[in-house]
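Please open the model in a viewer and keep the sequence panel at hand. The stops below are arranged as a sequence of selections, each with a note on what is found there.

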Amino acid sequence: MPPKKPAPRKRSAPPKKAKPIKKPAPPKKKVVKKVVKKVVRKPVAAKRPVKKLAKKAPVRKPAPVKKPAPVKTTRPAFTPIKITLLRPVPSDIEIAQAVTPKPVTQIAEEVGILSRELELHGRNEAKVRLDILERLKNRPNGKYIDVTAITPTPLGEGKSTTMMGLSQALGAHLGKRVFTCIRQPSQGPTFGIKGGAAGGGYSQVIPMEDFNLHLTGDLHAITAANNLLSAAIDARIFHEAQQDDEKLFNALCPKDKQGKRRFSPPMLRRLKKLGIHKTDPETLTSEERSRFARLDIDPKSITWQRVVDTNDRFLRRITIGLGPEEKGMTRDTGFDITVASEIMAILALTTDLSDLRERLGRIVIGTNRAGEAVTAEDVGCAGALTVLMKDAIKPTLMQSLEGTPTFVHAGPFANIAHGNSSIIADRIALKLADYVITESGFGADIGMEKFFDIKCRTSGLIPNCVVLVATVRALKMHGGGPRVVAGKPLDSAYTDENLDLLRKGLPNLQHHIKNVLRFGIPVVVAVNSFATDTKAEVNLVREASLAAGAEDSVVCTHWADGGKGAKALGEAVLKACEKPSHFKFLYPLELSIKQKIEIICKQIYGADGVEYSPEAEKKIELYTRLGFDKLPLNMAKTHLSLSHDPSLKGVPKGFKVPVRDIRASVGAGFLYPLLGEMRTMPGLPTRPVFYDVDLDLKTGRVVGLF
C-alpha cells in the first residue's frame, strides 16, 4: 500500500517520548500545539500514527487509476478517405496528389500499432519495430490472400491496381479490418519503361511519389551492403596475393598497444566453421593460422556481382582491376539490378534480426581453389552487412488512396528473383487485421509458384485464397492477337469485340487456374475491366473460369471507381476464404536438383522436358557436392510466356526448357536456374519514362511520374 512508504521516514525519534502526548489533558490547545510541533520536527509517536495511517490507507488506493491502460491499445474506428471520382480519369500522380493522406500516426492507431512501435519518417510514412510481434504473439492470424495474374502483356494487367482496389473495397466499403502488403518498386523500371508501381487510377498507395522514389531508403541500404561485400572480396584476393601466410595473419590480427592480439566476432565464427576451438590468436599453430587467414578464393568461381538500382545495360559485363595500383589483377564481372541482389531476397525471406545476421553470413560468393564454398562470414563482413540492413528490416507503414493500411517492404523481381514482399510484413499484418492481401509478381507460373514453394515454406503461412487477375486484352493476345508493344497504340483487335480471338486465348487463363488448384487453394478470377470490354466478352471469361474450377469470376472497375469498383470482388474473396483448402507443396525438398527443375517445367509451364548446358551441369554437380541440392528452386525466366521463350503465347506445347546456368543464393535459401536468355540487369528503352519526370518548381511537386 502507498502509505507504508512515507511511514519509515517518520521513524527517527526514540519511541520513549510517545507517552507525554497522553498525559497533559487540561491545557488542550498547548498540548495539541506541542504534539504537532514534535510530530513535524521529529516524529515521536512513530508506532501509533503508522497504525492509524495504515487503517486509513485503503481510501487512497491508486489501483483503479492504473486500470485504463488497456484503453490506449483499443483501436479507434477506421476512417476512410473520401475520394472524388473524375471523368476522364486523370493520371495516377494527379489522382494521388489530389488526396490528403491521413497522418501515419492515425493509420497506426486505427490498426492497433502503439506509438512506441513506430519510427516516423515525416508525416506520411513510418517504420514499424519488430518487437510488435512479441506483443501480438498470442493473437490469432487473420485470413491470408495472394494476388497473382495470368501471363501478362508487356503493359501489365493491373495486378497491383487490383490488389489495392480489393484492399479499398474490403476496408472502406465492406467494413473489414484489412491490411495490404506490397513490394517496394525498383528505380530501374520507374525511370525505365514501367513508371510508378503503386497501383493505378483510383486504387493505389499514397503518397505515390514517395512510394516510387527512395521511400525510407531500403533499396539504398541493400545496394550499399551488396557492394561492400563485392569490394571486400576483391580486396581480399588482392591482399592475399601480396603476402605470405604469416604476414597475412599478423595483418588480420594485429597487436594492440598492450601487445595483445584478438579475434573479431566474425573471425570466431570462421574458426568455428574450420573446427578450430580457440579464442586466443597466440595459441594457433602455424598450420591453423594459414587455414584461418588464407581464403584462397578462385576468381573464376565468383558469382557475386555488384548492383545498382538503374537499368544500365553497359554494366552487364565489365572488367575490373585496370588501375595501376591493382598490379594487373583484372577479372571479368558485372552488375545486377539491386532488386536482383541476394540481399534483397534475404530481406524478403528473413524472420528477425538474428535470422538476418545468420543468412547474410551464409551468402556463398564462390569457391576456393580446393572447391569449397566461401561465404560472406569467411570474408569477414557479414556483421557489417547486418549493420547496414538493421533499419531496412523494418517494414514501412503507408496507406491506400481510401485510407486502408499498407506495408511496403522488400521488392525482389519475380522473373529474376522470387517476386514477393517480406515475410515480416505479412506476419505483423496478420496479427493486426482480419484480412491480409499480398501480391506475387508477374504470372502465377512465376511469382505464385515461388510464393508457395519458397516463401510459404520459410514462413509457415498458408493463404486462404488466391486472386487471379486477367484482362480481355491479354487473353486476346494469347489467342493470336497482334503484338502488344509498350508505348504504342493498341490494335483494334483489342478494343473491338472479338469473341473468337478471346476464346482462343482462354486456355492460358484456365492453365493458370489449374496451377493454383495444384496447390489446393481456392481461386477467384478478377477481370480487370477496360471501357472497351463488352458484356459478352466478360461473360465468356466467367464461363471459362468456372469451368476450370474457379470459385468465381468477377468484373472489377477499381481503376476508374476505386474500392467501390472492387466491392463484388471483395464479396467473392470473403466467401472463398471460408472454403476449405488442402494445401500442398509442388515438390519435396529431398528430390534432386534436376528432379525439382523438371517437375516445375513440366507441371507449371507445360514443357515436354529440360535441356542443360555444360555450365548448368557443372553447377548441379558442384551444388550437390556442397550440400545445396536440398534447397527449393527459384526459376529465373521470362514473364511474357508460360515457356522460356517470350514469343510463345497462349499455352505452348512441344517445347523443352533450356537451363543455361544455375546460381546459389544460400543465404536466401534457394538455388536459381537461369532459363533461356534471362538477364539480371534490364536495359533502358529508346524513350524511357524519365523524359516525363520533373519537379514543379513553384509547388515543389513531382510531375510526370506516371
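Is Asp 552 buried, partly exposed or exposed? Asp 552 counts as partly exposed, because its relative accessibility is 21%; buried means under 20% relative accessible area, exposed over 50%, and partly exposed in between, with a 1.4 Å probe and protein chains only.

Two notes on conventions apply throughout. This is a predicted model, in which local features need pLDDT of at least 70, side-chain atom pairs count only at pLDDT 80 or more, and totals for chains, interfaces and linings use all residues. Residues are numbered from 1 along each chain as its sequence is written, and side-chain values use heavy atoms, with hydrogens and water left out.

**Salt bridges**

The term denotes a side-chain nitrogen of Lys or Arg within 4 Å of a carboxyl oxygen of Asp or Glu. The pair links distant parts of the chain, with Arg 542 in helix α24 (residues 535-548) and Asp 552 in strand β18 (residues 552-556), ten residues apart. Helices (H or I, at least four residues) and strands (E, at least two) are DSSP runs, numbered from the N terminus. Arg 542 is partly exposed, at 33% relative accessibility.

Next, select Lys 579 and Glu 551, whose closest N and O atoms are 3.6 Å apart in a salt bridge. Lys 579 lies in the loop between α26 and α27 and Glu 551 in the loop between α24 and β18, so this pair ties together parts that are 28 residues apart in sequence. Lys 579 is partly exposed at 42% relative accessibility, and Glu 551 is partly exposed at 34%.

Salt bridges that share partners also join Glu 119, Arg 129, Asp 131, Lys 390, Asp 391 and Lys 394 into one network; select these residues together.

Then move to Glu 377 and Arg 269, a salt bridge in which the closest N and O atoms are 3.8 Å apart. The two residues link distant parts of the chain: Glu 377 is in helix α17 (residues 376-379) and Arg 269 in helix α13 (residues 265-274), 108 residues apart. Glu 377 counts as buried, at 10% relative accessibility, whereas Arg 269 is partly exposed at 32%. The count for the model comes to 41 salt bridges.

**Aromatic pairs**

Show the aromatic rings: the count comes to twelve aromatic pairs. Rings of Phe, Tyr and Trp (its six-membered ring) pair if their centres lie within 6.5 Å; planes under 30 degrees apart count as stacked, over 60 as edge-to-face and the rest as tilted. Phe 179 and Phe 407 are stacked, because their ring centres are 4.5 Å apart and their planes are at 25 degrees. Phe 179 lies in strand β4 (residues 178-182) and Phe 407 in strand β14 (residues 405-408), so the pair ties together parts 228 residues apart in sequence. Phe 179 is buried, with a relative accessible area of 0%, and Phe 407 is buried, also with 0%.

For another geometry, select Phe 249 and Phe 292, which are edge-to-face because their ring centres are 6.0 Å apart and their planes at 75 degrees. Phe 249 is in helix α12 (residues 245-252) and Phe 292 in helix α14 (residues 286-293), and the pair links these distant parts of the chain, 43 residues apart. Both Phe 249 and Phe 292 are buried.

Finally for the rings, select Tyr 144, Phe 451, Phe 452, Phe 519, Phe 583 and Phe 585, which ring pairs link into a cluster.

**Backbone features**

Turn to the backbone at Arg 87 and Pro 88, which are joined by a cis peptide bond with omega about -5 degrees. Pro 88 is in the loop between α4 (69-73) and α5 (92-97). A cis peptide bond also runs from Ile 206 to Pro 207, with omega near -10 degrees; Pro 207 is in the loop between β6 (203-206) and α10 (208-212).

Which value does phi of Phe 442 take? Phi of Phe 442 is near 55 degrees, a positive value in a residue other than glycine. Phe 442 lies in strand β15 (residues 435-443) and is partly exposed at 26% relative accessibility.
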